[in-house]
Amino acid sequence: MTPDLTPIDIALASGLLFLGAGLSLILSLGIGRSLLLAGLRMVVQLLVLAVLLALIFAAGNVWVTLAAMSAMALFAGLEVLARQDAPAGRRWTITIGAGAMIGAGWIIVLPALAILIEAEPWYAPEIALPVFGMVAGSSMTGMALALDTFSTTVRRDVRIVEARLLAGHTRHQALSGPVRQAIRTGLMPTINAMSAIGLVTIPGMMTGQLLAGADVMQAAKYQMMLMFLISGTSVLGVVGAVYAMARRLTDQRHRLRLDRLRVER
């Protein structure tokens, strides 16, 4: 078991953040304020999360657990929007991000909880929410990169896409290049993470189990399973989000609708 951390321990650790802010000031990097605000935001969010999780764990209700997962997916959609240079409408981007997260996450995570992890009950929030959170966090990064890459590539290659449409290609054929590029980019973080695990990093779930005193091999097996869940969710989420955005940027008459980029809806 790991020892309890005191407020003094946390304060001492936070000194490293102030060290970074000080270096930013000395080197004129201009990120000191952002660094400190990000640290403050993290502390507040984690404290709020701890209170909410205590209430959710105490409830132990399937609908509360699913509602919490949906809320996490919604916030993931908001983060996907925040990382776009040219979002195709705020509501559309949030809906696509959150919808892909819920759909892919539930398709992958819920059966895993019941069949692979064999949680009792399968919706046990102390197991379901951490697993869904780790899967959602990794998949969110992939979807954000994929959507940003897709919109950027379409704007860059707009003449090529329009030429293919004028030549009689369908919207799916005309956008096949940007779609493939976006999907490859979106899946790259997951591929890199799986390649580096065990050689460069000791991943989060395995670290947590080791700190809790779990058997090393058992911790490794759980981390393998988690990475497979993340990869599956990332693939389904990225592919679904990119194709949904491709439909957003075209219409039924197979015309490109760049006017929908940066449009507030």
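In this predicted model, the residues that line the second largest pocket divide into twelve nonpolar and two polar, with no charged residue among them. The largest pocket has a lining of 18 nonpolar, three polar and two charged residues.

**Second largest pocket**
- The space in the second largest pocket comes to about 350 Å³, and its lining is made up of 14 residues, of which Ile10, Ser14, Gly39, Met42 and Val43 lie nearest the centre.
- The elements that give two or more residues to the lining of this second largest pocket are helix 1 (7-27) and helix 2.

**Largest pocket**
- About 890 Å³ of space lies in the largest pocket, where 23 residues form the lining and Gln45, Leu49, Ala71, Met72 and Phe75 are the closest to the centre.
- Two or more residues of the lining of the largest pocket come from each of helix 2 (32-59), helix 3 (62-82) and helix 5 (125-156), and helix 2 gives the most, with nine residues.

**Aromatic pair**
- The count of aromatic pairs comes to one, formed by tryptophan 122 and tyrosine 123, whose rings lie 5.5 Å apart from centre to centre with 90° between the planes, an edge-to-face arrangement.
- Tryptophan 122 has a relative accessible area of 32% and is therefore partly exposed, while tyrosine 123, with a relative accessible area of 22%, is likewise partly exposed, because only values under 20% count as buried and those over 50% as exposed.

Methods. Residues numbered from 1 in each chain as written. Predicted model: local features only at pLDDT ≥ 70, side-chain atom pairs only at ≥ 80, totals over all residues. Heavy atoms only, no water. Phe/Tyr/Trp six-rings, centres within 6.5 Å; stacked < 30°, edge-to-face > 60°. Buried < 20%, exposed > 50% of the residue type's maximum accessible area, 1.4 Å probe, protein only. 1 Å grid on protein atoms, 1.4 Å probe; cavity = no way out; pocket = protein on both sides within 12 Å on 5 of 7 lines; lining within 4 Å. Points joined across faces, edges and corners; volume = space filled by probe spheres on them. Helix = DSSP H or I, 4+ residues; strand = E, 2+ residues; numbered from the N terminus. Nonpolar A, V, L, I, M, F, W, Y, C, P; charged D, E, K, R; others polar.
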